[in-house]
Protein chains: 2
Amino acid sequence: MTTQLLSRIACKSLLPKVVAQPEQLLPTLLKSKSIGWSGFTGVTYPIRALQPLLDYAEQNRLPQVDHKYDLFVCASGGTITESKMAELGLISSRVPYQVSKSVSKKINSGEIAFTDTHLGMFPQEMQYNHYRRMNNGRIDTVVVEASAIKEDGSIVPGASICVTPELVQLADKVIIEVNTQIPSFEGFHDVVTLPLPPHRTPLRVSSPSDRIGQTSIPCPLSKVAGIIEGSSGLFISANAKGDAATKAIAGWIVEFLEHEVQMGRLPEALLPLQSGIGKIANSVIEGLDQSNFKNVSVWTEVLQDGFLPLFDSNKISVASSTSIRLSTEGFEHFFNNWDFYKSRIILRQQSITNSPEIIRRLGCISLNTPLELDIYGHANSTCVNGSRMLNGLGGSGDFLRNAKLSIMHTMSTRPTKSDPLGISCIVPRVTHVDHTEHDMDIFVTEQGLADLRGLSPKERSIEIIRKCAHPAYQPILFDYFQQAEQKCLKRGCAHEPHMLDKIFKMHEHLETDGTMRIQKW
Amino acid sequence: MTTQLLSRIACKSLLPKVVAQPEQLLPTLLKSKSIGWSGFTGVTYPIRALQPLLDYAEQNRLPQVDHKYDLFVCASGGTITESKMAELGLISSRVPYQVSKSVSKKINSGEIAFTDTHLGMFPQEMQYNHYRRMNNGRIDTVVVEASAIKEDGSIVPGASICVTPELVQLADKVIIEVNTQIPSFEGFHDVVTLPLPPHRTPLRVSSPSDRIGQTSIPCPLSKVAGIIEGSSGLFISANAKGDAATKAIAGWIVEFLEHEVQMGRLPEALLPLQSGIGKIANSVIEGLDQSNFKNVSVWTEVLQDGFLPLFDSNKISVASSTSIRLSTEGFEHFFNNWDFYKSRIILRQQSITNSPEIIRRLGCISLNTPLELDIYGHANSTCVNGSRMLNGLGGSGDFLRNAKLSIMHTMSTRPTKSDPLGISCIVPRVTHVDHTEHDMDIFVTEQGLADLRGLSPKERSIEIIRKCAHPAYQPILFDYFQQAEQKCLKRGCAHEPHMLDKIFKMHEHLETDGTMRIQKW
């Protein structure tokens with residue numbers, strides 16, 4: 001055992017569980033049918049403990065003897081492992097969110113049964129015993145990355161928590177991979193054990209800085225099937241930089257927020273921000289850095305590189321998140337300013353970060369990117385053409401339903417092979433509804449910002465087409481709206497005018513002609 | 001002033017505001033542009049105070065001089081008044097839910113702009129100043145029915161609260177109609193004043209019996225523009241009785257709940273029930289009366305006749321609701337057992353009854369009736385053919401998203417003029433999505449119960465068609481699913497198989513041929 005590893009395990013009665021070679025963990029994994037592991041958006045997930053399973057499967061052609069796994073994995077953690085498992089045909093089912101191309105390919109080929117659910121609901125759905133693929137509410141084996149183990153055997157995660165506390169609670173066996181390549185993150189986390197109804201009580205978080213739990217995840221010693229030293233990790237490339245168009249989107253949003261402050265609808269420090277991942281989100285964060293807002297707080301799922309300068313300039317005073325997802329350079333800066341960030345960041349489990357109770361209480365400002373939006377205010381976050389799953393819903397529904405301001409931002413168009421404006425992200429009707437017109441406040445594209453608050457569907461339609469649609473698609477969408485309205489007025493059904501026989505004509509045209517630009521309806 | 005009225009107004013400094021004739025209130029109403037009033041599902045709404053406006057409008061052809069009103073009205077209160085206003089062309093816009101045929105006709109003819117929103121979100125959207133039709137966050141005049149006025153001028157509502165506290169808070173002027181035909185309901189209500197973010201704190205309700213507020217609605221004396229004696233009220237006909245089919249639905253649900261208790265997924269007293277209005281809901285309540293459950297609690301929006309026997313037999317121990325909506329006979333029984341019911345019923349405002357925080361904490365069992373359901377688990381609660389508004393979303397989204405068990409019950413078919421099985425309530429895709437596949441647990445029809453928990457879309461599809469669809473539609477729906485699956489498998493997009501060009505073919509066929517029973521896809 002290395003001294004590094006020894007120094008991380010304060011619970012000496014767990015030392016006999018330490019194994020030198022990951023192969024020693026293989027029997028436990030082979031005896032399992034349902035498996036879970038930790039990690040969120042690419043950080044703090046176990047790799048070494050799972051590797052022998054991949055090797056064994058490859059050598060023994062496991063799937064042929066029908067040994068497939070049901071995966072209950074924190075959102076998008078451990079993509080490398082998961083991708084390999086999918087390629088080997090080892091995954092029978094998956095829940096709740098993934099970013100692996102290999103996995104989504106098998107989901108769409110019908111090989112993997114994928115249950116797409118709200119990140120904030122997933123932990124309690126497991127606790128409720130709602131998954132028949134669990135073993136009567138239990139998971140056979142859960143593999144967790146730790147940055148330390150405390151005296152009482154409780155687990156200090158690394159740079160993310162996600163759904164790890166619930167996975168450990170529901171696991172029959174726990175394998176711990178202690179990552180000695182990162183510092184102990186003790187003190188960053190706030191972990192709670194949530195009782196089930198009718199025994200629940202209020203979550204006493206009234207500000208992103210409130211702590212209500214403990215700094216580590218309780219884990220009965222008897223559950224621990226093995227401990228191994230690991231070095232998995234923090235291998236994230238730098239975040240995508242914004243361009244002129246995403247900067248335009250950020251500009252609209254900052255201008256809007258400034259206006260809301262001026263109107264007295266938002267305090268000067270705004271309200272806690274939730275922001276997703278990606279180019280647009282990064283531009284928005286950069287835009288805030290150049291704004292006049294001060295002492296802003298953050299209540300989100302993922303902290304990215306873009307946030308760091310805002311901490312450094314004191315624009316952000318405190319942030320609560322379920323994961324810190326930085327680039328190599330970002331983590332270097334983070335580690336070099338450890339105490340500074342530790343006093344400003346709290347890591348919480350998903351059931352808290354994505355809790356409707358807290359999001360609504362805090363009155364969050366929520367920013368998310370959809371796949372497509374429609375003229376009446378619905379959003380598709382998951383399925384291309386209503387059928388092909390991309391990644392999953394994630395936490396978008398938790399936030400968009402409960403935020404004070406629910407903002408969706410996207411480019412107004414996307415290119416196809418034959419037409420640089422081939423796809424309009426604003427359509428008559430989204431092909432899959434993940435968020436309804438009842439939940440949306442603001443749509444933004446590089447073209448402009450549509451304020452949908454308090455409007456009727458027809459008013460929304462005009463606002464969205466005028467402000468958000470690309471000029472190439474404005475006449476097409478207005479034409480749809482007007483034709484639909486005329487037809488529906490004749491039949492007394494013009495609350496939200498549609499022509500069901502033409503509603504997806506733009507999508508069908510894309511399939512046949514490589515562009516949504518149709519000549520006529 | 002009658003002694004009756006005098007006895008209801010404990011605040012003597014308000015006595016000079018009492019007017020003998022409703023016409024004296026007319027100038028206040030005529031000077032207003034935005035109006036709100038109290039009431040929920042037909043009980044406790046003001047009639048007499050608003051009558052002069054209707055008379056005046058009729059005599060002076062008000063709409064011709066373009067005097068229209070923006071209505072911010074508690075859900076479906078005051079339907080008689082509202083219908084008359086719609087017929088007179090007096091309504092410019094309406095929010096958030098209505099049950100008037102005249103109003104929905106004008107919504108669908110494009111005359112009334114209708115904003116359909118969650119009942120639990122509506123009060124805070126007003127407080128957030130999200131409605132441009134308010135006067136910078138204010139409502140010109142609010143008319144409230146009271147059963148008494150306390151010494152401090154605060155208002156004791158009658159048999160409902162709904163959104164009255166927020167309306168009074170946001171009103172520039174308040175007109176109080178004191179209903180002396182009903183007893184003072186003092187002691188039934190639990191009223192809270194909710195601060196806005198960032199000043200919100202937890203709502204300390206951990207059981208339906210918890211009280212966290214006051215027994216009346218605060219109202220500054222200076223706001224009171226007039227007080228009038230009224231007698232509006234409790235004119236509800238007896239609830240629709242169940243039939244063999246709705247009893248079958250109830251049977252499936254009771255059997256399912258018993259099974260959940262047996263499996264240890266529900267406690268023996270179940271969890272707080274939410275139930276809607278209508279024939280199916282009544283049958284379910286009757287079914288519970290014949291079950292073995294005891295000490296059940298209720299957390300709902302409306303208490304109907306069907307609940308009374310369950311109180312009487314001690315099956316229900318406590319109920320929280322925003323309104324008591326009984327038939328004449330029901331209210332007679334209620335008044336005759338006043339103390340008994342008062343010790344078991346708490347009336348709360350909508351922002352509490354429909355609070356995601358509390359619904360999720362309590363782990364409610366939520367039962368609602370949709371317009372149509374689809375094979376992958378989406379529900380339409382509002383718009384026929386995606387365009388024609390019926391009543392609105394109501395509180396369905398507040399409950400279905402946050403309940404522990406989200407149950408949708410409907411007949412599997414509805415008749416058309418030419419085909420007794422002309423409409424299938426299970427379709428390939430609902431024409432308007434109000435609730436997504438991510439929120440649904442159980443679908444029930446008279447045919448059976450589909451348990452969707454933890455399933456992937458394709459698994460759900462088979463479960464729903466097999467268990468819930470009418471035998472006349474099972475082959476049609478299976479055929480759609482299989483054809484869609486084959487096509488999508490070929491193109492690697494078979495997570496949730498659809499054929500966009502045929503997705504609404506059953507609805508189109510209904511329009512042209514009077515039935516959804518198509519010969520082929």
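1. Contact here means that heavy atoms lie within 4.5 Å, and by that rule 87 residues of chain A are in contact with 87 residues of chain B. This is a predicted model, in which local features need pLDDT of at least 70 and side-chain atom pairs count only at pLDDT 80 or more, while totals for chains, interfaces and linings use all residues. Residues are numbered from 1 along each chain as its sequence is written, chains are lettered from A and ligands numbered from 1 in the order in which they are written, and side-chain values use heavy atoms, with hydrogens and water left out.

2. The area buried between chain A and chain B (the accessible area, with a 1.4 Å probe, that two parts lose on being put together, summed over both) is about 7200 Å², and carbon and sulfur atoms give 49% of that area. Across this interface there are 43 residue pairs in polar contact, both residues being at pLDDT 80 or more. A polar contact is a pair of N or O atoms within 3.5 Å; within protein, one must be able to donate a hydrogen and the other to accept it, and residues adjacent in sequence count only if both atoms are side-chain atoms.

3. Which element gives the largest share of the side of chain A that touches chain B? Helix 14 of chain A does, with five residues. By class, this side of chain A has 30 nonpolar residues (Ala, Val, Leu, Ile, Met, Phe, Trp, Tyr, Cys and Pro), 27 charged residues (Asp, Glu, Lys and Arg) and 30 polar residues (the others, Gly among them).

4. A salt bridge is a side-chain nitrogen of Lys or Arg within 4 Å of a carboxyl oxygen of Asp or Glu; the whole structure has 44 of them over all chains, and eight are found across the interface of chain A and chain B. One salt bridge joins R132(A) to D451(B), with the closest N and O atoms 3.6 Å apart. Another joins R491(A) and E511(B) at 2.4 Å, N to O. This pair crosses from the loop between helix 17 and helix 18 of chain A to helix 18 (residues 505-513) of chain B. Salt bridges that share partners also join R132(A), E260(B), R265(B), D451(B) and R453(B) into one network.

5. Within chain A, D190(A) and R348(A) meet in a salt bridge of 3.3 Å, N to O. D190(A) lies in strand 9 and R348(A) in strand 16, so the pair ties together parts that are 158 residues apart in sequence; helices (H or I, at least four residues) and strands (E, at least two) are DSSP runs, numbered from the N terminus. D190(A) is buried at 2% relative accessible area, and R348(A) is buried at 0%, where buried means under 20%, exposed over 50% and partly exposed in between (1.4 Å probe, protein chains only).

6. Helix 4 of chain A, residues 79-87, holds the buried residues T81(A), E82(A), S83(A), M85(A) and A86(A). Among the elements of chain A that cover them are strand 1, helix 3 and helix 5. Just after helix 4, G89(A) takes a positive phi of about 70°.

7. UniProt, in an unreviewed entry, places the feature "domain: Acetyl-CoA hydrolase/transferase C-terminal" at residues 330-480 of chain A, and such annotations may be inferred rather than shown by experiment. Over residues 330-480 the chain is 32% helix and 24% strand, with the end C-alpha atoms 47 Å apart.
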